[in-house]
Amino acid sequence: MREAFTRPAVVSRVSDLIGHTPLFELCRTGDGSRLLLKLEQFNPTGSAKIRMARRMVLAAEESGLLRPGGRIVESTSGNTGLGLAVIAAERGYAFTAVVDHHACADKLRGMRALGAELVYVAEEGDGNDGALATAAREELAERLARADDGAVFTEQHNNPANAAGYHPVARELDAALDGRIDVLLGAVGTGGGLCGTGGALRRTVPGVRIVGVEPKGSIAFGGPAHDYHQSGTGTPEGAPVGALVDFGLIDEGVKVGDVEAFAAARVVARRTGLLIGGSAGGVVHEALHRMASPRTGPGTTMVALLNDGGEKYMDTVFDDDWMRARGLVDPAAEHEVAELLTALRRETETPT
């Protein structure tokens, strides 16, 4: 019998609300296969990344690098920064988030509301959506932390505590599904989420197949490289692949374009009432096509890790003007996703 996971009825810290996120059955086929979405948007800050933010801070405390009254510094496009802002507030630390102007405005406003100091990279390092902005953020964060004796650069892309923060996800999945998990899919950015979850899950479910999803234009699973609009995921050209991306653990790496990822997010919202983020749309797009493939055997349980919800993307993924300005609106792509989802959900839905 697996360990049961329940959230306490009364908590005294926001971080006590981390975890125990639900599984949503998006579809079930006639042969008993099903696609389950791990909805990490039900964490505080609406993202999985608060899990690793807490673990990175605790690891810094345990090592003696972060002392009472100290400062946390991190380069972030949003969700990691929101998580660190919460943990810093409740544990009495200052937090400096090094950001660029490509980050979602709502994420930046949220960090500021939680007491974070926002430091923007210089314009010359902020010229596109790719490696220049990322590299400039990392360099500035390291420099700021070095200049302050009481500061720690948590360095999410290379911090083992990032991956360790996701070990509880594996335990939650194992407990909820009693070990019956055949395929695990997730977005690959720093590598902490998928590889931290997948590595821990392999210890109790050794046969699980692990599939990494990155945007087209990202280079972790090869080229060609180009700019992309899925935020908080992938590795842009010129940036190093995160040290936490474990290619020995990932059985297969795939790419999903912005058009397809955003089409999936928009269709899922209209079809089910569930708002998911842009990179989560990429994971769902890949999972739906796998569910429809004859290679997926009967009775398969597929779990897709969805890092955040769509509420932070009202000005981007769910804004028609923003989408049109970037050539991302594609009725044919949305129609394809809608048809696929309708076909797969027929067995799930109960007539009213």
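Start by selecting helix 2 (residues 79-91) and helix 3 in this predicted model. Their axes come within 9 Å and cross at roughly 15°. An axis here is a line fitted to C-alpha atoms, for helices over the stretch in contact, and angles run from 0 to 180 degrees between N-to-C directions. That crossing angle makes helix 2 roughly parallel to helix 3; the scheme calls angles under 35 degrees roughly parallel, over 145 roughly antiparallel, 65 to 115 roughly perpendicular and the rest oblique. Helices (H or I, at least four residues) and strands (E, at least two) are DSSP runs, numbered from the N terminus.

Now show the side chains at this meeting point. Helix 2 brings Asn79, Gly81, Leu82 and Ala85, while helix 3 brings Lys107, Gly110 and Met111. Contact means heavy atoms within 4.5 Å. Sorted by class, the contact of helix 2 with helix 3 has three nonpolar, three polar and one charged residues. In this sorting Ala, Val, Leu, Ile, Met, Phe, Trp, Tyr, Cys and Pro are nonpolar, Asp, Glu, Lys and Arg are charged, and the others, Gly among them, are polar. Helix 2 passes helix 3 in a left-handed crossing, the term for a near helix turned anticlockwise from the far one by less than a right angle, with right-handed for clockwise.

A word on the ground rules before moving on. Residues are numbered from 1 along each chain as its sequence is written, and side-chain values use heavy atoms, with hydrogens and water left out. Because the model is predicted, local features need pLDDT of at least 70 and side-chain atom pairs count only at pLDDT 80 or more, while totals for chains, interfaces and linings use all residues.

Zoom in on strand 3 (residues 71-75), which runs parallel to strand 6 and is joined to strand 6 by three bridges. Here Ile72 stands opposite Val152 in strand 6.

Which order do the six strands of the open sheet with mixed pairing follow? Trace them as 1-2-10-7-8-9. The edge strands are strand 1 (23-28) and strand 9 (252-256), each pairing on one side only. From one strand to the next, the twist averages 25°.

Within this sheet, select strand 7 (residues 183-187) and strand 10 (residues 301-306), which run parallel and are joined by four bridges. Val183 has Met302 in strand 10 as its bridge partner.

Helix 6 (residues 167-177) is worth a look next. Its buried residues are Val169, Ala170, Glu172, Leu173, Asp174 and Leu177; buried means under 20% relative accessible area, exposed over 50%, and partly exposed in between (1.4 Å probe, protein chains only). These buried residues of helix 6 pack against strand 1, strand 2 (34-39), helix 1, strand 7, helix 7 and strand 10.

**Last stop: helices 9 and 11**

Select helix 9 (residues 278-292) and helix 11 (residues 331-345), whose axes come within 10 Å and cross at roughly 50°. The two helices are therefore oblique to each other, and helix 9 passes helix 11 in a left-handed crossing. On the helix 9 side you will find His285, Leu288, His289, Met291 and Ala292, meeting Glu336, Val337, Leu340, Leu341 and Leu344 in helix 11. The residues of this contact divide into seven nonpolar, two polar and one charged.

Stay in helix 9 and pick Ser279. Is Ser279 buried or exposed? At 8% relative accessibility, Ser279 counts as buried. Leaving aside residues up to four places away in sequence, Ser279 touches Gln230, Ser231 and Thr233.

How values were computed: Two strands pair if DSSP finds at least two bridges between them.
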